Amino acid sequence: MANSCKTLNPFFISCYILLGFLYFFSLTALAKSPRPISDAEIKEKKTACYADIESGLWGWKCKESMIAKENCALKCLSPPCYELVYESDPLEEGEKDYVRGQEYKFCMHRMSMGESLEGVKGSFDY
């Protein structure tokens, strides 16, 4: 019995090695993408975020107003980009969001390519 604790089944060792390789390669594949996220992909993901908000998944605050819903959708779509571009100054009623919208989209592009987000904020002129 003591001998069986010292030896492991070769099948289990192979499985652990295979799982380790799969985990490693999945992390490296997620880190960088061969192409940036497309406008169509962004739209599709944002539509899914709106559906989650409408279903109540994001809480009642996200359904208080259209602008609250938009802030929640942007946060849902990309929390790091929302934090970088909007968190300190969320969208407000009647705001024309041209510059920050471009920064947000640029942020998503950089994230999808696995690039640094440094320099995204302030990269477009007001």
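**A tour of the disulfides and the core**

Select Cys 62 and Cys 72 to begin: both residues are buried, where buried means under 20% relative accessible area, exposed over 50%, and partly exposed in between (1.4 Å probe, protein chains only). The model is predicted, so that local features need pLDDT of at least 70 and side-chain atom pairs count only at pLDDT 80 or more, while totals for chains, interfaces and linings use all residues. Residues are numbered from 1 along each chain as its sequence is written, and side-chain values use heavy atoms, with hydrogens and water left out.

Keep this pair selected. A disulfide joins Cys 62 to Cys 72, with an S to S distance of 1.9 Å; a disulfide is here a pair of cysteine sulfur atoms within 2.5 Å. Cys 62 is in the loop between α3 and α4, Cys 72 is in helix α4, and the two are 10 residues apart. Helices are DSSP runs (H or I, at least four residues), as strands are (E, at least two), and they are numbered from the N terminus. The torsion about the S-S bond of Cys 62 and Cys 72 is about -75°, so this disulfide is left-handed.

How many disulfides does a search of the whole structure find? The search finds three. With bonded cysteines counted along the chain, their pattern is 1-4, 2-3, 5-6.

Next, select Cys 49 and Cys 76. These residues form a disulfide with sulfur atoms 2.1 Å apart. Cys 49 lies in helix α3 (residues 39-54) and Cys 76 in helix α4 (residues 66-77), so the pair ties together parts that are 27 residues apart in sequence. Cys 49 is buried at a relative accessible area of 5%, and Cys 76 counts as buried at 19%. The link of Cys 49 and Cys 76 is left-handed, with -80° about the S-S bond.

Move on to Cys 81 and Cys 107. A disulfide joins Cys 81 to Cys 107, S to S 2.1 Å. Cys 81 belongs to helix α5 (residues 79-85) and Cys 107 to helix α6 (residues 99-112), so the pair ties together parts that are 26 residues apart in sequence. Cys 81 is buried, with a relative accessible area of 0%; Cys 107 is buried, also with 0%.

Now display all of α6. This helix has 14 residues and reaches 20 Å from its first C-alpha to its last, close to the 20 Å expected at 1.5 Å a residue; the expected span is 1.5 Å times one less than the number of residues. Among the buried residues of α6 are Val 99, Tyr 104, Cys 107 and Met 108. The buried residues of α6 pack against α3, α4 and α5.

Which residues have the most contacts inside the largest nonpolar core? They are Leu 74, Leu 77, Tyr 86, Tyr 104 and Met 108, in a core of 15 residues. α3, α4, α5 and α6 each supply at least two residues of this core. A nonpolar core is a set of buried Ala, Val, Leu, Ile, Met, Phe, Trp, Tyr and Cys residues joined through side-chain atoms within 4.5 Å.

Select Tyr 104. Apart from neighbours within four places in sequence, Tyr 104 is in contact (heavy atoms within 4.5 Å) with residues including Leu 74, Leu 77, Cys 81 and Tyr 86.

Finally, colour the chain by pLDDT, the predictor's confidence in each residue, from 0 to 100. The mean pLDDT of the protein chain is 82, and 73% of its residues reach 70 or more.
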